[in-house]
Amino acid sequence: MSTTDIFRDASAALKKKRAWHWFEYVFWLAVAASVFLFPAQHTLLTQIAIWSLFALSLDLLLGYAGIVSLGHAAYFGFGAYVAALFAINYTGDPLTVLLVAGVAAGLLGLVTSLLVLRGSDLTRLMVTLGIALVMYEIANQMSWLTGGADGLTGMPVNPVFGIFPISFRPTNSYVYVLCVLFVLFFVARRIVHSPFGYSLRAIKGNPLRASSIGISNNLRLIAIYALGAAYAGVAGALLAQTTPVVSLTYIDFQRSADVLLMLIIGGTGYLYGGIIGSALFLIAQKFIGNVTPQYWEFWIGFALVVIALFARDRGVFSIVERIANALRKEKAKS
Amino acid sequence: MNALETVDLEKRFGGIVPTNGVNLQVREGARHALIGPNGAGKTTLINLLTGVLKPSKGTVKLGGSDITNLKPHQRVARGITRTFQINQLFADLSPLESIALVIGEREKRGTHWWSTFGGDETIVREAASLAAQFGLADALNERTSSLPYGKQRQLEIALAIAGKPRVLLLDEPAAGVPEAERHEILETVAALPKDVTVLLIEHDMDIVFGFADRISVLVDGKLLVEGDPKEIQNDPRVRAVYLGEGADD
């Protein structure tokens with residue numbers, strides 16, 4: 001093989017890795033179609049899209065940089081409160097509010113990253129959990145600002161670009177949330193396929209080697225942690241804009257645990273895991289939960305055990321992959 | 001001119017002194033070997049040179065300038081890279097991606113978050129030709145973790161070279177490589193670019209004497225003797241350490 005051939009193969013292989021797969025086109029077409037196919041379910045679908053963005057933000061940390069977090073709701077909740085307070089006091093323009101909430105949560109992420117990035121996985125779990133608990137208690141205590149246990153209401157939500165009303169309109173809300181999700185997904189996809197994104201994978205895969213090839217591990221991790229926090233803040237702001245009240249449940253432990261669960265169910269490190277996981281989680285919750293609430297917990301627990309044992313990386317996706325591979329082998333045999 | 005130099009370098013862990021006043025001088029362009037029995041302090045010395053450990057006393061100089069207080073990644077930027085005795089690779093990336101990553105970091109592209117990885121033709125070209133040079137042409141796009149051990153060993157060295165170092169530290173490059181694949185690694189080591197100064201840390205005397213033009217012997221954290229291969233071979237103190245005490249394996 002000549003050098004030119006090698007180069008051509010190399011270039012083609014890298015291009016193939018970052019190119020949009022047909023599965024991705026189908027996926028997003030299906031997402032867009034959901035607007036028309038399930039008009040009665042737009043409220044649920046909006047919830048799914050917001051959780052998807054939240055889970056995506058955690059995937060940036062866990063799936064690409066290997067940072068585990070049990071307190072990611074800290075940034076989600078902070079973004080939501082900032083969004084509500086900013087809208088009440090300044091402007092209800094939804095995109096401005098999203099931007100402010102994202103920047104604020106990103107800054108909180110930047111500051112707290114200095115605590116999180118020290119130590120091992122276990123330390124990180126404890127520190128992130130601690131940060132979220134502290135944030136929860138601050139929100140609870142500062143009831144003059146946040147409404148405390150009663151929550152924060154009366155947040156104005158203007159039409160998007162002044163022409164597309166979303167307040168109390170489930171369909172428009174859903175379209176709005178989907179657009180934000182898609183744009184931020186697109187940006188995230190670009191980032192994880194950038195040199196910066198690859199350096200995160202290197203740090204996750206082997207921090208010792210990463211620093212031995214000249215990567216400043218800490219700075220890169222701080223950057224992605226702040227970005228993940230900003231994404232979570234935007235997700236929180238979206239929920240604030242599409243529900244009547246911002247409450248302490250935005251920031252509680254249950255939310256941090258749920259988003260981690262959704263991500264693990266959908267699988268980490270390929271960006272779609274958070275979306276697939278939160279869709280499965282919320283749809284299952286709705287339909288199984290309708291039959292019997294206890295059963296819901298049973299099945300979620302069961303799914304978690306199965307996935308943790310057999311499909312840790314890619315969640316349900318790797319189960320599908322395994323079945324597909326097995327079928328392919330069967331076919332080849334016959 | 002010394003490419004790499006230590007001055008009265010000392011490292012203490014409590015009562016143990018694995019590096020005890022080491023004055024090592026590696027000349028520009030040298031093929032320098034550092035040998036010594038198990039427990040002589042070779043690994044500690046490498047960690048001091050690369051910045052993984054901070055010395056208790058003394059300085060490390062690279063090309064004449066003091067790098068004692070620089071972090072590992074900053075030392076890489078100054079031109080010192082290393083390989084590891086036990087492979088330290090990016091298991092989930094392909095050899096091509098790993099090498100391209102190193103080149104990108106060398107060219108200060110590592111913080112670019114909006115351009116595409118592999119979109120820069122010159123980097124891919126260099127990565128591909130480097131991979132070919134290290135016998136990885138037919139494994140470019142495999143997952144690194146699925147490569148045979150010998151190939152992984154090649155990649156280990158390729159990653160260090162991709163950083164275009166002035167000084168390269170090779171930590172037992174042939175460690176664990178099966179006899180049949182050994183000559184490939186040795187050829188690779190022999191074919192390293194001449195303008196790179198190499199400090200080889202090695203246990204295997206065949207490799208050392210086949211490669212080095214200068215040898216330092218480290219015993220109990222101190223440099224026992226330094227000289228050319230012939231002098232070292234005939235030095236009674238070295239013989240005592242290696243043959244008399246049977247410390248070598």
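**Nonpolar core.** I began with the largest nonpolar core of this predicted model, which has 171 residues, with Leu53(A), Val234(A), Ile99(B) and Ala127(B) having the most contacts inside it. Such a core is a set of buried Ala, Val, Leu, Ile, Met, Phe, Trp, Tyr and Cys residues joined through C-beta atoms within 7 Å, where buried means that 20 or more other C-beta atoms, placed from the backbone, lie within 10 Å of the residue's own. I found that its largest share, 16 residues, comes from helix H11 (residues 217-242) of chain A, helices being DSSP runs of H or I of at least four residues, numbered from the N terminus. The core also draws at least three residues from each of domain 1 (1-79 + 165-249) and domain 2 (90-164) of chain B. I then looked up Ile99(B), which touches Ala127(B), Leu130(B), Ala131(B), Ala158(B), Leu159(B) and Ala162(B), not counting residues up to four places away in sequence; contact requires C-beta atoms, placed from the backbone, within 7 Å.

**Conventions.** I note that residues are numbered from 1 along each chain as its sequence is written, and that chains are lettered from A in the order in which they are written. Because the model is predicted, local features need pLDDT of at least 70 and side-chain atom pairs count only at pLDDT 80 or more, while totals for chains, interfaces and linings use all residues.

**Domains of chain B.** The bounds come from an automatic or database domain assignment, and I read 26 Å between the centres of domain 1 and domain 2 of chain B, taken over C-alpha atoms. In this chain, 12 residues of domain 1 are in contact with 11 residues of domain 2. On the domain 1 side, helix H6 (residues 179-190) of chain B gives the largest share, four residues.

**Helix pair in chain A.** I checked helix H4 (residues 73-89) and helix H6 (residues 121-141) of chain A, whose axes come within 8 Å and cross at roughly 30 degrees; the axes are lines fitted to C-alpha atoms over the stretch in contact, with angles from 0 to 180 degrees between N-to-C directions. H4(A) and H6(A) are therefore roughly parallel to each other, a term for angles under 35 degrees. H4(A) contributes Ala73(A), Ala74(A), Gly77(A), Phe78(A) and Tyr81(A), and H6(A) contributes Ile131(A), Ala132(A), Met135(A) and Ala139(A).

**Chain A against chain B.** Finally, I looked up the contact between the chains, which takes 32 residues from chain A and 41 residues from chain B. H1(A) supplies the largest share of the chain A side, 10 residues.

Methods
Two residues are in contact if their C-beta atoms, placed from the backbone, lie within 7 Å. Helices (H or I, at least four residues) and strands (E, at least two) are DSSP runs, numbered from the N terminus. Angles under 35 degrees count as roughly parallel, over 145 as roughly antiparallel, 65 to 115 as roughly perpendicular and the rest as oblique. A residue is buried if 20 or more other C-beta atoms lie within 10 Å of its own, exposed if 12 or fewer, and partly exposed in between; C-beta atoms are placed from the backbone.
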